[in-house]
Amino acid sequence: MSDFVDLELRRNRGWPWPEDSWGLTPMYGEEGWCRSCGVPKRPQCGSLILQGRGFGSVEGAWVPNWQFDAYCLERFLAEQAVAFGFALPLLPIEWHGQSPGDAMQIVAPTIGVAWFEPDELRARTIAKHGAAGARCDECGVWRWYPLLSEEMPPYRYVAMGDDVHVAGSPEWFGDGHKAFRQIIVRRGLAEMIVAASPRDFRIREIQR
């Protein structure tokens, strides 16, 4: 993991559609996500649909509201990253309403069994929220309450194959209907994304 960094969000852009499913139904199917906590029950099988409103054009890279582990790239940037040798699992983004341009979503695979020591993560979430998290009564998934990048505990070593350039944590985070994983990115890819969208991202070294 020495070549991976945290691509820290500076802002979110855009909104998934439909709003009543936070965009999850097109991505996972009607029965593919938990209606109680928003955690997917299966790998993503469909395209993220974004609302066209608020986008004058598609530029650089961004993460939409609600879907905090869905990293989106304008098509040219995605193709450039692939041409530079970054192996990215990509799905085309679809648009509700007028399309502002072609874009792709990186579908980050979940890698490993645990990225963080549970006791350390529990101590930090309790210190911030007064509780560590909660288990969903419907699907049984445990979600840790969210922490900022600088508040996360050190990462355990997890073996990443040479063909993995973006990875999602096995741990889920969130509250209410918010559910997301931590995402880490190969340094070279992160530098390319930040250069294209400095208002959306910055690089933060991950603690080990």
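Guide: The largest pocket is lined by 21 residues, and L9, L147, L148, S149 and F180 lie nearest its centre. This is a predicted model: local features need pLDDT of at least 70, side-chain atom pairs count only at pLDDT 80 or more, and totals for chains, interfaces and linings use all residues. Residues are numbered from 1 along each chain as its sequence is written, and side-chain values use heavy atoms, without hydrogens and water.

Visitor: What makes a set of points a pocket, and what makes a residue part of the lining?

Guide: The search uses a 1 Å grid over the protein atoms alone. A cavity is a set of points where a 1.4 Å probe fits but cannot get out; a pocket is an open set with protein on both sides within 12 Å along at least five of seven lines. Lining residues have an atom within 4 Å of a point. The largest pocket has a volume of about 500 Å³, where volume means the space filled by probe spheres set on the points, joined across faces, edges and corners.

Visitor: Which strand gives the most to the lining of the largest pocket?

Guide: β1 does, with four residues. Strands (E, at least two residues) and helices (H or I, at least four) are DSSP runs, numbered from the N terminus.

Visitor: How does the lining of the largest pocket divide into nonpolar, polar and charged?

Guide: Nine nonpolar, three polar and nine charged. Ala, Val, Leu, Ile, Met, Phe, Trp, Tyr, Cys and Pro count as nonpolar; Asp, Glu, Lys and Arg as charged; the others, Gly among them, as polar.

Visitor: Why is W22 called partly exposed?

Guide: Buried means under 20% relative accessible area, exposed over 50%, and partly exposed in between (1.4 Å probe, protein chains only). W22 has 22%, so W22 is partly exposed. W66, at 25%, therefore counts as partly exposed too.

Visitor: What is the phi of W22?

Guide: Near 55 degrees, a positive value in a residue other than glycine. W66 also has a positive phi, of about 75 degrees. Most residues other than glycine have a negative phi.

Visitor: How do you know that β9 and β11 pair?

Guide: Two strands pair if DSSP finds at least two bridges between them. Two bridges join β9 to β11, so they pair, and they run parallel.

Visitor: Why are β8 and β11 at the edges of the sheet?

Guide: The open sheet has the order β8-β9-β11. β8 and β11 each have a single partner strand, so one side of each is left without a neighbour in the sheet.
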